[in-house]
Amino acid sequence: MESINVGVAEYRIACAPTVLVTIGVGSCVIIVLYDPFHKMGGLAHVLLPKAREKEETPLFNPGKFADTAINSLLIAMEKKGSFPRNITAKIFGGASMFSGFDSMALMRIGKNNIDAVKGELKK
């Protein structure tokens, strides 16, 4: 069985029997999209909640941000034949890595990631 590693700030799609794998979640959020009709899945390893700018520059990485990774996954899956109405989503991660500092907005990265991912999935 083939497996594809998905690193931090990356996203990939694959069809069964290929397996998508990632490690080192922490405050990142893993988004898994699955289309049972095409046996196709997508996985994004999101590092931050929101891109400051969504310009197509050589350094811009849509897999890094919740607000761009989900849309990029959906587009990639649609290009391979999926329909959004057939896709289900699961999310994992979003740990509080700095629990003693939860009162500081900057240190709530995990919760901010979860909130951003849920908001994007609702769209």
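Where does Gly 94 lie? I found Gly 94 in the loop between strand S6 (88–93) and H2. Helices (H or I, at least four residues) and strands (E, at least two) are DSSP runs, numbered from the N terminus.

Ground rules I noted: this is a predicted model, where local features need pLDDT of at least 70, side-chain atom pairs count only at pLDDT 80 or more, and totals for chains, interfaces and linings use all residues. Residues are numbered from 1 along each chain as its sequence is written, and side-chain values use heavy atoms, leaving out hydrogens and water.

Next I checked confidence. The protein chain averages a pLDDT (the predictor's confidence in each residue, from 0 to 100) of 89, and 86% of the residues score at least 70.

Back to Gly 94: buried or exposed? Gly 94 is buried, at a relative accessible area of 14%; buried means under 20%, exposed over 50%, partly exposed in between (1.4 Å probe, protein chains only). I also looked up Ser 27: Gly 94 is 67 residues away from Ser 27 in sequence, yet their C-alpha atoms are 4.3 Å apart in space.

Then the rings. I found one aromatic pair in the structure. Phe 60 and Phe 65 make up this stacked pair, with 6.1 Å centre to centre and 15° between the planes. Rings of Phe, Tyr and Trp (its six-membered ring) pair if their centres lie within 6.5 Å; planes under 30 degrees apart count as stacked, over 60 as edge-to-face and the rest as tilted. Both Phe 60 and Phe 65 are buried.
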